[in-house]
Amino acid sequence: MKKLFLLDAMALIYRAHFAFSKNPRINSKGLNTGAVLGFANSLVEILEKEKPTHIAVAFDTPEPTFRHQAFENYKAQREQQPEDITVAIPYVMQLLEAFQISILLKTGYEADDIIGTIAKKSVRQDTDLQVFMTTMDKDYGQLVEDRIWLYKPSYLGNDVEILGVPEILAKWEISQISQITDILGLQGDAVDNIPGIPGIGEKTAKKLIQEFGSIENLIQNVDMLKGKMQENVRNFAQQALLSKQLATIDTNVPIDFQVDSFVYNGFNETKLKALFDELEFRTLAKRLLKNTATQEKEKNSAEKSSTTETDLFGNTIANKEPQAT
């Protein structure tokens, strides 16, 4: 079957940045290239090992999203983006252009919304297609279905993790994929500043959803709860519903695309070599460009040997026609 890999750019860039934080990769120009190098390594690993027939990469944009409109404090507590990541993003985009991979952006939406929309619509456009959402963000589990997987790249010695419906249900301890947003709505998310319900963490959220099935049903049966739990669910019911809305990935982003536009046909050697030279990615250049370089060297050598010859004294006899065999 065809394989479409959809990469969450910022998730991979941040992961790469922190992976190299203790051992920064500074080139001769003083540029910290760790985030770009880590992203490039993950991309190359996917291309070489998984051999996707289709691939695209989604980015967040700096503009507010529909979630900020619904909840002003959404992501308000996040630390400012590290300067090294800000510098790395344009280089990652150049890298993708050199690999001739589509870059996906949509003002007002996050990368997970773009990926969710394309994943869902792609498997309906093409019944021979499998989709692998490449990220470390567990929230993507809500998108998993038949022919759509959550793909966690290898990291610091850990193997690749590919999660389908059975694995997601087991990991979240639920009976339906849709219940992931109910759990997130109850427990909230400190990273994105999604409030949830006070006093309810992951363990309690899972227990409540296992018993009541959804936030809406929990609210309708709040009298079955006791003590402080009942009080908090009653008082923060609307906050829980809002949190569920904020945690839900939008799969109807108004973005036009055709699956065939994501077909991977290999990289542009000239652009890739120029970028690797600038960033001083010698190991990657040797790994990816060595075959082409070797072929070119052999070609030049063959052309030289076929048109030149030396006499007994080592003097070159130029422009000798190659002999037929």
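In this predicted model, six strands come together as an open sheet with mixed pairing, and their order across the sheet is 3-2-1-4-5-6. Strand 3 (102-104) and strand 6 (161-163) are the edge strands, each pairing on one side only. From one strand to the next, the twist averages 25°.

Within the sheet, strand 1 (residues 2-8) and strand 4 (residues 129-134) run parallel and are joined by six bridges. To find one of these places by eye, look for leucine 6, whose bridge partner in strand 4 is methionine 133.

| Helix | Strands touched | Angle with strand 1 |
|---|---|---|
| Helix 1 (residues 9-19) | strand 1, strand 2 (54-58), strand 4 | about 60° |
| Helix 5 (residues 111-125) | strand 1, strand 2, strand 3, strand 4, strand 5 (148-152) | about 170° |

Now for another helix. Why is helix 7 (residues 179-187) described as largely enclosed by the rest of the structure? Nine of its nine residues are buried, so helix 7 is largely enclosed. Among these buried residues are Ile180, Ile183, Leu184 and Leu186, along with Asp182 and Gln187.

What do the buried residues of helix 7 pack against? Their neighbours are helix 6 (165-172), helix 8 (202-212), helix 9 (215-220) and helix 11 (237-247). Following helix 7 comes glycine 188, which has a positive phi, near 75°.

How values were computed: Residues numbered from 1 in each chain as written. Predicted model: local features only at pLDDT ≥ 70, side-chain atom pairs only at ≥ 80, totals over all residues. Heavy atoms only, no water. Buried < 20%, exposed > 50% of the residue type's maximum accessible area, 1.4 Å probe, protein only. Helix = DSSP H or I, 4+ residues; strand = E, 2+ residues; numbered from the N terminus. Contact = heavy atoms within 4.5 Å. Pairing = 2+ DSSP bridges. Axes fitted to C-alpha atoms, helices over the stretch in contact; angles between N-to-C directions.
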